[in-house]
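Please open the structure in your viewer and keep the selection tool at hand.

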Amino acid sequence: MSDLGTARRHRDGPNIGSNPAPEPRGSPVTQTLEPATEAAARRLDAVIIGAGVAGLYQLHQLRELGLDVLAVDAAGDVGGTWWWNTYPGARFDSEAYIYQYLFDEDLYKDWSWSQRFPGQEEIHRWMVYVADRLDLRRDISFSTYVTGAEWNDDTQRWTVRTDTGEVFDTQYFITCAGMLSAPLENMFEGQDTFDGPIFHTSRWPREHVDLDGKRVGVVGTGATGIQVIQTIADRVADLTVFVRTPQYALPMHNPAYDETDVTAYKDRFEELREKLPNTFTGFEYDFEHAWADLTPDERLARLEDIYANGSLKLWLASFAEIFFDADICEEVSEFVRQKMRDRLQDPELIDLLVPTDYGFGTHRVPLETNYLEVYRRENVHAVGVRDNPVVRIRSEGIELADGTVHELDVIILATGFDAGTGSLTRMDIRGRGGRSLTEDWGRDIRSMMGLAVHGYPNLLTTAVPLAPSAALCNMTTCLQQQTEWITGAIKHLQAQGKQVIEATAEGEEEWVLHHDETANATLISKTDSWYLGSNIEGKPRRVLSYTGGVGEYRRRTLAVAADGYPGFDIH
Ligand code: NA7
């Protein structure tokens with residue numbers, strides 16, 4: 001994973017075994033906020049939701065600005081995504097040395113990574129290091145879920161409420177809640193009848209889960225499912241993987257770092273600080289060649305070379321044309337398919353696990369380690385559920401449409417998230433005149449550069465739709481940029497003696513049109529996946545991520561700030 005997330009408070013759910021998973025929240029639209037009494041509310045300048053990558057840095061910046069600010073997080077500690085996602089095999093697929101804060105050279109250089117793509121435990125330790133180094137914990141309220149917030153037109157301030165009964169009266173309400181923090185965990189009829197535990201990957205129990213010798217079923221073969229499957233296959237007695245849509249799998253090259261490697265990347269700090277915010281996806285690499293400029297042999301040589309790099313480079317920095325040109329996308333897809341066929345060998349597995357009905361790069365591309373080889377083990381069974389779907393969970397296991405029942409001891413749901421919007425729409429956020437963000441985004445997902453929403457004054461957002469941080473970037477790059485933009489906007493208000501900033505309807509509309517025009521030119525917009533919201537029934541369709549590139553987004557957002565915030569009403 002390379003994403004930020006922070007999410008909801010852990011609760012015991014009846015159907016999730018020993019997993020302390022959150023209860024499904026009722027439709028926030030039907031919840032009503034109790035009126036706050038002045039006495040009960042703690043007065044603040046800013047409330048931040050989240051203590052992950054964005055929340056920590058936003059807290060640091062606003063404190064430096066002299067604001068009285070509190071971060072609130074449902075998690076039990078700092079880390080966001082890297083606190084929640086403790087499932088077996090969770091790890092980076094951004095190189096560790098670029099998934100970094102770049103605002104402080106010493107902070108960067110005083111931490112050393114053990115390998116190119118470290119696992120969750122090391123990543124979480126790094127986030128603890130950052131929080132301690134910047135002394136952030138004293139202004140974070142953990143194990144606290146924001147249930148709702150309400151803009152008061154008279155006071156021009158937000159009332160924010162939590163499930164611990166706290167009420168905050170704040171000028172700014174800033175969401176750093178993560179784009180993949182609302183898990184899809186109540187997926188199937190009969191989940192509460194299963195005799196064993198059911199774990200959603202992002203709500204993995206913090207205590208040890210014993211899978212040894214168990215019959216385990218995994219539903220979902222996205223980036224997360226792949227990490228779980230390849231990690232547990234040799235521990236469990238029997239592993240059944242329910243495959244609906246296979247992924248293009250790219251082998252990860254993950255060497256351990258010695259002192260020389262660490263010194264080498266640290267010496268590049270200045271170069272990385274300059275480069276990362278200006279590439280197409282906030283990674284280190286960028287497109288170097290146009291497809292048309294190379295001969296077929298040169299293209300193949302380049303693809304082989306990048307494939308051997310063992311990173312997301314094949315997706316994010318081979319040929320930009322794969323995102324726009326169906327024929328070129330098909331050629332690169334076929335290159336990856338052949339690699340997969342060579343590894344799988346078995347025609348039945350090839351049929352089930354090699355994607356043929358969508359193009360390489362139009363879904364999130366996962367990195368893996370021996371993922372395909374795992375299916376050649378005797379204790380691993382791939383079951384196709386595209387034409388014979390899972391219909392329910394029964395006491396003994398998973399039942400498919402044709403009546404087949406797969407008997408299991410443990411079920412793992414790697415079924416993904418309500419991406420981009422779910423973290424906020426599961427709360428009850430009310431803007432001007434009591435309008436509901438859940439209802440507004442339930443009709444049409446709109447924002448002003450992913451930083452603000454018309455109708456919600458002083459609500460400033462990160463990792464929400466219509467910015468690269470909604471999906472298509474190295475998250476630390478994008479989130480640093482967004483939080484710095486927010487800090488800059490607040491500074492601007494302070495300097496002007498103003499209190500309120502709100503995206504205008506016209507400004508937002510202009511951005512939505514630009515976003516759509518850019519997104520609709522890509523093949524991503526023509527391919528079902530969570531990138532488009534199509535994993536959630538009834539979710540309005542829109543490419544969640546800004547696809548114009550991280551560098552272009554940065555240029556545009558900084559221009560807005562430099563030009564005095566056109567598209568925003570400031571008063
Ligand atoms: P994803 O990428 O949304 O994957 C979810 C998987 O679950 C995907 O394979 C789905 O198949 C599958 N799924 C969902 N519902 C069902 C049902 N009902 N039956 C069978 N299979 C189902 O989530 P991840 O957690 O893997 O990754 C999310 C991001 O986290 C990832 O992109 C990284 O950025 C980190 P489908 O494709 O819908 O056919």
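**Stop one: the largest pocket**

By class, the residues that line the largest pocket comprise 16 nonpolar, 13 polar and 6 charged residues. The model on the screen is a predicted one. Select Gly222, Arg244, Thr245, Thr415 and Asn535 to find the pocket: among its 35 lining residues, these lie nearest its centre. The volume of this pocket is about 1100 Å³.

Next, display the open sheet of 5 strands, whose order is 7-16-8-9-12 and whose pairing is parallel. Which strands form its edges? Select residues 198-200 for strand 7 and residues 380-384 for strand 12; these are the edge strands, and each pairs on one side only. Looking across the sheet, one finds a twist that averages 20° from one strand to the next.

Now select residues 215-219, which make up strand 8, together with residues 410-413, which make up strand 16. These two strands run parallel and are joined by 4 bridges. Within this pair, Val216 stands opposite Val410 of strand 16.

Move on to the open sheet of 3 strands, in the order 13-14-15, where the pairing is antiparallel. Select strand 13 (390-394) and strand 15 (405-407): each stands at an edge with a single partner strand, so one side of each is left without a neighbour in the sheet. The twist here averages 25° from one strand to the next. In general, strands of a sheet pair through backbone hydrogen bonds, in either a parallel or an antiparallel manner.

Strand 13 pairs with strand 14 in the antiparallel sense over 4 bridges. The two strands form a hairpin, with 2 residues between them. Select Arg394 and then look across to Gly397 in strand 14, which stands opposite.

Continue with residues 397-400, that is, strand 14, which pairs with strand 15 in the antiparallel sense over 3 bridges. Two pairs of residues may be highlighted here: Ile398 stands opposite His406 in strand 15, and Gly397 has Glu407 as its bridge partner in strand 15. Strand 14 and strand 15 also form a hairpin, with 4 residues between them. Select Gly403 in the turn of this hairpin; its phi is positive, at about 95°.

**Stop four: a pair of helices**

Finally, select residues 475-496 for helix 15 and residues 550-562 for helix 17. How do their axes cross? The axes come within 11 Å and cross at roughly 5°. Because of this angle, helix 15 is roughly parallel to helix 17.

To view the contact itself, show the side chains of Thr477, Cys478, Gln481, Gln482 and Trp485 in helix 15. These residues meet Val550, Tyr553, Arg554, Thr557, Leu558, Val560 and Ala561 in helix 17. By class, this contact has 7 nonpolar, 4 polar and 1 charged residues.

How values were computed
Residues are numbered from 1 along each chain as its sequence is written. This is a predicted model: local features need pLDDT of at least 70, side-chain atom pairs count only at pLDDT 80 or more; totals for chains, interfaces and linings use all residues. Side-chain values use heavy atoms; hydrogens and water are left out. On a 1 Å grid over the protein atoms alone, a cavity is a set of points where a 1.4 Å probe fits but cannot get out, and a pocket is an open set with protein on both sides within 12 Å along at least five of seven lines; lining residues have an atom within 4 Å of a point. Grid points are joined across faces, edges and corners, and a volume is the space filled by probe spheres set on the points. Ala, Val, Leu, Ile, Met, Phe, Trp, Tyr, Cys and Pro count as nonpolar, Asp, Glu, Lys and Arg as charged, and the others, Gly among them, as polar. Axes are lines fitted to C-alpha atoms, for helices over the stretch in contact, and angles run from 0 to 180 degrees between N-to-C directions. Angles under 35 degrees count as roughly parallel, over 145 as roughly antiparallel, 65 to 115 as roughly perpendicular and the rest as oblique. Contact means heavy atoms within 4.5 Å. Two strands pair if DSSP finds at least two bridges between them.
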